[in-house]
Amino acid sequence: GYFLNPEIKIPFPENARTIESKLRALGLGSKVDEVIYTINRAAEDAAKSAQPIFVNAITGMNISDALQIVSGADNAATMYLAKTTTPELKAKFSPVIKSSLDKVDATRLWAELIGAYNQIPFVTKQNPDLTGYVTDKAISGLFTMIAKEEVKIRKNPLDRTTEILKKVFGN
């Protein structure tokens, strides 16, 4: 999951960190924590739909792509997947994330937080796109974890758990 993994946990949007600190200072920390929790759960819901997209990219690769991956850098397969699947992942993740955010009331919580922040005198009014932000972070986190696994498979023969991996990356 995203929430319990510090490598990929989705924080408040960068341009909203000032909002976060000011809301915490005003005693609204539990609301902030609730929004962070729900955006990470939305990313987890969306990530479940990635597998068929990756399978299509892998089965659709040509010999040249496969050779570049096998002889490429430690993240060559990850880069191939990112290049070939990101637009489709965005299209698939965005409505799932929006639905998840709506289902757990994160959209409302976000609107409340932004509304509370915007009531603070002399602040720059904010209204970042929560669904787009969570979608981009969810995809980025997914590729972070894939890259980590790819390095393990390339470096450690014990992580080559299937016959195909043993054949492809064996000596």
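Buried residues have under 20% relative accessible area, exposed residues over 50%, and partly exposed residues lie in between (1.4 Å probe, protein chains only). By this scale Asn 156 is partly exposed, because its relative accessible area is 30%. The structure is a predicted model, in which local features need pLDDT of at least 70, side-chain atom pairs count only at pLDDT 80 or more, and totals for chains, interfaces and linings use all residues. Residues are numbered from 1 along each chain as its sequence is written, and side-chain values use heavy atoms, with hydrogens and water left out.

**Confidence of the model**

- The protein chain has an average pLDDT of 86 (the predictor's confidence in each residue, from 0 to 100), and 90% of its residues score at least 70.
- Helices (H or I, at least four residues) and strands (E, at least two) are DSSP runs, numbered from the N terminus.
- Among the elements of the protein chain, the highest mean pLDDT, 93, belongs to helix α5 (residues 76-103), and the lowest, 57, to helix α8 (residues 163-169).

**Helix α5**

- Helix α5 has a kink of about 60° at Thr 85, shortly before the proline Pro 87; the bend at a residue is the angle between axes fitted to the seven residues ending there and the seven starting there.
- The buried residues of α5 include Tyr 80, Leu 81, Ala 82, Thr 85, Leu 89, Phe 93, Ile 97 and Leu 101.
- The partners against which the buried residues of α5 pack are α2 (29-47), α3 (51-59), α4 (63-71), α6 (106-118) and α7 (130-155).
- Thr 78 belongs to helix α5 and counts as buried because its relative accessibility is 4%.
- Beyond its neighbours within four places in sequence, Thr 78 has contacts (heavy atoms within 4.5 Å) with Phe 143, Ile 146, Ala 147 and Glu 150.
- Between the C-alpha atoms of Thr 78 and Ala 46 the separation is 19 Å, and the two residues are 32 residues apart along the chain.

**Helix packing**

- Two packed helices are described by the angle between their axes and the distance between the axes.
- Axes are lines fitted to C-alpha atoms, for helices over the stretch in contact, and angles run from 0 to 180 degrees between N-to-C directions.
- Angles under 35 degrees count as roughly parallel, over 145 as roughly antiparallel, 65 to 115 as roughly perpendicular and the rest as oblique.
- The axes of α4 and α5 are 7 Å apart and meet at an angle of about 140°, so these helices are oblique to each other.
- On the α4 side this contact is made by Asp 65, Gln 68 and Ile 69, and on the α5 side by Ala 76, Ala 77 and Tyr 80.
- The residues of the contact of α4 with α5 comprise four nonpolar, one polar and one charged; Ala, Val, Leu, Ile, Met, Phe, Trp, Tyr, Cys and Pro count as nonpolar, Asp, Glu, Lys and Arg as charged, and the others, Gly among them, as polar.
- For α1 and α6 the packing angle is about 80° and the axes are 10 Å apart; α1 and α6 are therefore roughly perpendicular to each other.
- Helix α1 contributes Thr 18, Ile 19, Lys 22 and Leu 23 to this contact, while α6 contributes Leu 113, Ile 114, Ala 116 and Tyr 117.
- Six nonpolar residues, one polar and one charged make up the contact of α1 with α6.

- Thr 131 is part of helix α7 and counts as buried because its relative accessibility is 17%.
- Not counting residues up to four places away in sequence, Thr 131 touches Ser 94, Ile 97, Lys 98 and Leu 101.

- Phe 122 is located in the loop between α6 and α7 and is exposed, because its relative accessible area is 88%.
- Although Phe 122 is a residue other than glycine, its phi has a positive value, near 65°.
- Asn 156 is in the loop between α7 and α8; from C-alpha to C-alpha, Asn 156 and Arg 24 are 44 Å apart in space and 132 residues apart in sequence.
- Leu 4 is in the segment before α1 (17-25) and is exposed, because its relative accessible area is 72%.
- Leu 4 and Asn 40 are 36 residues apart along the chain, and their C-alpha atoms are separated by 9.0 Å.
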